[in-house]
Amino acid sequence: RTIDGKAWTKVNANCGSTSFVVPDLISGQEYFFRVRAENRFGVGPPAETIQRTTARDPIHPPDPPIKLKIGLVTKNTVSLTWKPPKNDGGAPVTHYNVECLRWDRTGEVKETWKQCNRRDVEETKFTVEDLVEGGEYEFRVKAVNIAGPSRPSATVGPLVVKDQTCPPSIELKEFMEVEEGTDVNIVAKIKGVPFPTLTWLKASPKKPDDKTPVAYDQHVNKIVGEDTCTLLIQQSRRSDTGLYTITAVNNLGTASKEMRLNVLGRPGPPVGPIKFESILADKMTISWLPPLDDGGSKITNYVIEKKEANRRTWDAHRDLWMPVTSATVKTTCKIPKLLEGRDYQIRIYAENLYGISDPLISDEMKAKDRFRVPDAPEQPIIKNVTKDSAVVVWNKPYDGGKPITNYIVEKKETMATRWVRVTKDPIFPSTQFKVPDLLEGCQYEFRVSAENEIGVGDPSPPSKPIFARDPIAKPSPPINPEAIDKTKNSVDLSWQPPRHDGNGKIIGYLVEYQKVGDEEWKKANLAPDSCPETNYKVTGLTEGLTYKFRVKAVNAAGESEPAYVPEPVEVKDRLEPPELILDANMAREQHVKAGDTLRLSAVIKGVPFPKVSWKKEDHEVSPKADIEVTGVGSKLEIRNTVHEDGGTYSLTVENPAGSKTVSVKVVVLDKPGPPRNLQVSEVRSDSCYLTWMEPEDDGGSVITNYVVERKDVASAQWVAISSSSKKRSHMAKYLMEGTQYLFRVAAENQFGRGPYVETLKPIKAIDPL
């Protein structure tokens with residue numbers, strides 16, 4: 001029973017021993033216990049505990065503290081930090097004791113471990129003071145609870161006590177995104193001795209270079225810890241979005257880090273004013289612009305509402321707004337179901353994932369038809385003028401409330417007074433038209449009128465005068481001329497067409513060359529039409545001399561400025577060492593099945609083209625091999641291969657610039673050869689023992705088994721006595737006494753059975769005498 005309870009509670013049903021573990025006690029509760037013995041005549045009187053017992057775990061000293069680390073070190077202090085012990089021994093750790101041990105310069109212990117703290121250390125950090133500058137120390141920590149101190153932690157050190165300095169450094173997350181209203185902690189980890197001075201700057205996302213110091217108030221605050229600096233933003237707002245920069249400065253240097261903060265919230269209102277694109281008696285079409293601030297998230301929807309301007313509900317202070325649509329992402333909308341003659345107002349909300357904006361409200365607009373002829377278009381622009389045509393381009397004017405159905409384009413010569421329609425066919429919906437049948441050399445003006453079902457509107461102002469003639473100018477120079485090849489008396493040039501052809505077809509190109517040291521340029525081709533392509537071979541040059549080259553593009557307006565080959569070219573045969581580009585069949589080892597075709601090939605490069613030779617084991621290849629050499633490579637082909645076609649094949653290419661050789665091992669996979677040295681021994685009246693050696697040639701594949709056969713000399717038929725033996729021996733049994741036998745053995749692999757080897761003379765089945 002508890003000390004406060006009166007009734008005793010039975011805790012066991014049956015107990016045959018003189019000890020018992022009482023379960024289900026409440027930690028910290030005090031109890032009395034009693035025991036009574038029982039036999040078949042009944043229960044005896046109880047024996048009761050005299051003292052009360054508190055239910056609690058046994059208490060012992062805690063485990064040692066862990067992760068002891070050294071922080072800031074000066075000429076006479078050392079800062080230490082550690083972590084609490086994993087096990088507190090059953091009672092809370094009340095404090096810590098810090099101890100140090102000093103070493104002398106010879107590495108001997110100068111003092112014993114002594115306690116450094118004069119008062120109990122309740123936190124997991126401590127600064128040891130009054131140390132000797134230049135002294136070498138070790139440190140350790142003990143945890144203490146009501147049962148006593150723990151064993152000491154792992155030591156740190158030895159450490160020489162002296163001022164430590166290092167330039168500042170900063171660790172800071174590069175990007176953070178939060179929802180509006182969330183508290184934001186921008187934590188920067190700071191290092192530096194002495195501890196640096198810290199400054200926070202902020203720049204708006206649109207002006208990242210315009211940084212200003214962060215103003216601290218109840219909304220934004222700076223908290224500096226031992227090795228951190230935290231910028232705390234309470235109840236974040238959209239205006240807190242920006243680029244934050246922290247700068248750390250001490251006498252050894254400066255460090256800066258940036259972090260971009262994006263506070264996501266509801267968008268700002270759409271940008272007005274709301275434009276009424278068309279107004280009819282029963283509907284209107286409106287448009288607006290997206291919000292300047294989308295809240296950091298894509299606009300997902302616009303909510304559009306309408307109301308009659310002078311209509312009120314029963315609540316005089318509450319307007320009656322009716323929904324038009326709540327599901328559109330466009331910035332235009334048709335407002336239907338209007339009553340003619342009524343004044344309406346429209347309001348629009350923008351919405352994203354984080355909420356809905358304040359509304360944009362329109363001016364009052366009356367629902368009524370407003371039909372008239374279209375407005376006059378703006379002054380048209382004339383493009384692509386030729387000797388007999390010109391393209392007139394204009395912008396669509398206001399349609400007067402009714403859709404435009406046609407445009408009327410007119411022309412007149414500048415000195416004339418009468419305007420003439422350029423076509424009787426309708427021009428719609430295109431807002432440009434190519435005017436044909438102009439007279440070459442005449443000067444023209446053009447104007448445009450728009451037409452709807454009400455009528456034809458006023459014409460546009462006349463266009464600027466133009467002359468009807470083909471505009472053509474000299475082309476720009478060719479692009480990137482270069483020498484792509486050369487011989488002892490020629491140079492091959494290549495280039496790209498000019499960027500601008502002067503609005504005239506490129507007739508061809510003029511190529512000129514100049515010997516280095518001369519002033520005169522000579523023409524390689526006399527007329528541009530003799531070089532219509534973007535390459536040319538200049539011939540008749542002198543071997544060993546150096547030349548410059550240039551190219552001009554020509555159209556009907558004349559020659560372009562020249563484009564020069566960047567470097568002079570020395571005229572001589574070009575040498576390139578041979579190069580082999582191996583095909584897949586020229587791998588280090590090539591396997592081919594007997595009877596199939598062997599193909600070896602490679603791409604060959606080199607200037608001049610190399611001499612090609614194929615060898616097998618450094619000898620000429622078999623006459624049955626077909627060898628083909630082209631201007632780009634070579635191929636060797638052997639049809640119906642046999643085992644003897646296997647071996648190492650080599651391809652050698654050689655020119656005056658060098659040579660190159662590659663080899664490939666060819667294995668022709670075939671049936672194995674005959675076994676060797678077939679011997680018969682241990683002859684008896686009913687058996688004998690056969691032995692043999694593996695074939696010299698396994699056909700390029702592993703021997704899978706041997707086939708053993710016998711034949712009575714008086715018979716013409718061989719009888720198999722084993723077809724799956726993997727051994728090179730066999731006991732031939734069941735012979736008939738006195739009969740003479742011949743034996744033969746053949747090897748098999750995955751490609752078939754090879755030839756047999758037979759015994760040289762018959763064996764008579766008799767017991768030895």
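**Domains and features**

Mentor: Start with the record: the unreviewed UniProt entry places the feature "domain: Fibronectin type-III" at residues 1-57, 64-168, 270-370, 376-471, 477-574 and 674-768. Keep in mind that this is a predicted model.

Trainee: How much helix and strand is there over residues 376-471?

Mentor: Residues 376-471 are 0% helix and 33% strand, with the end C-alpha atoms 30 Å apart. For residues 674-768, the figures are 0% helix and 49% strand, and the end C-alpha atoms are 30 Å apart.

Trainee: Which strands form the open sheet with S25 in it?

Mentor: The order is S24-S25-S28, three strands with antiparallel pairing. Strand S24 (271-279) and strand S28 (332-335) are at the edges with a single partner strand each, so one side of each has no neighbour in the sheet. On average, neighbouring strands of this sheet are turned by 25° against each other, direction ignored.

Trainee: How many bridges join S25 to S28?

Mentor: There are 4 bridges between S25 and S28, and the two run antiparallel. As for partners, Met284 is bridged to Ile335 in S28.

Trainee: Moving on to rings. How many aromatic pairs does the whole structure have?

Mentor: The search finds 13 aromatic pairs. One of them is Trp288 with Tyr302, an edge-to-face pair at 5.5 Å centre to centre, with 75° between the planes. Trp288 belongs to strand S25 (residues 284-289) and Tyr302 to strand S26 (residues 301-308), so this pair ties together parts 14 residues apart in sequence.

Trainee: Is Trp288 buried or exposed?

Mentor: Trp288 is buried, at 4% relative accessibility. Tyr302 is buried as well, with a relative accessible area of 3%.

Trainee: And what about Trp521 and Tyr564?

Mentor: Their ring centres are 5.8 Å apart and the planes are at 65°, so that pair is edge-to-face. Trp521 is in the loop between strand S42 (508-515) and strand S43 (522-523), while Tyr564 is in strand S47 (residues 563-564), so the pair ties together parts 43 residues apart in sequence. Tyr564 is partly exposed at 45% relative accessibility.

Trainee: What lies over the face of Trp521?

Mentor: Arg550 does, at 4.3 Å from the ring centre. Elsewhere, the charged end of Lys307 sits over the ring of Trp321, 5.4 Å from its centre.

Trainee: Which residues do ring pairs link into a cluster?

Mentor: Trp394, Tyr407 and Phe428. Phe428 turns up again in the backbone, where a cis peptide bond joins Phe428 and Pro429, with omega about 5°. Pro429 is in the loop between strand S36 (420-421) and strand S37 (432-435).

Trainee: Where does Gly272 come in?

Mentor: Gly272 and Pro273 are joined by a cis peptide bond, again with omega about 5°. Pro273 is in strand S24. Most peptide bonds are trans, and most residues other than glycine have a negative phi.

Trainee: Which residue has phi near 55°?

Mentor: Lys67, a positive value in a residue other than glycine. Lys67 is in strand S7 (residues 66-73), and Lys67 is exposed at 58% relative accessibility. Glu617 also has a positive phi, near 50°. Glu617 is in the loop between strand S52 (611-616) and strand S53 (619-620), and Glu617 is partly exposed at 41% relative accessibility.

Trainee: Last topic. How many disulfides?

Mentor: The structure has 0 disulfides. Among the cysteines, Cys15 is partly exposed, with a relative accessible area of 32%, and Cys531 is buried at 3% relative accessibility.

How values were computed. Residues are numbered from 1 along each chain as its sequence is written. This is a predicted model: local features need pLDDT of at least 70, side-chain atom pairs count only at pLDDT 80 or more; totals for chains, interfaces and linings use all residues. Side-chain values use heavy atoms; hydrogens and water are left out. Rings of Phe, Tyr and Trp (its six-membered ring) pair if their centres lie within 6.5 Å; planes under 30 degrees apart count as stacked, over 60 as edge-to-face and the rest as tilted. Buried means under 20% relative accessible area, exposed over 50%, partly exposed in between (1.4 Å probe, protein chains only). A charge sits over a ring if NZ of Lys or CZ of Arg is within 6 Å of the ring centre and within 35 degrees of the ring normal. Two strands pair if DSSP finds at least two bridges between them. Axes are lines fitted to C-alpha atoms, for helices over the stretch in contact, and angles run from 0 to 180 degrees between N-to-C directions. UniProt positions are given in the numbering used here, feature names are shortened, and annotations may be inferred rather than shown by experiment. A disulfide is a pair of cysteine sulfur atoms within 2.5 Å.
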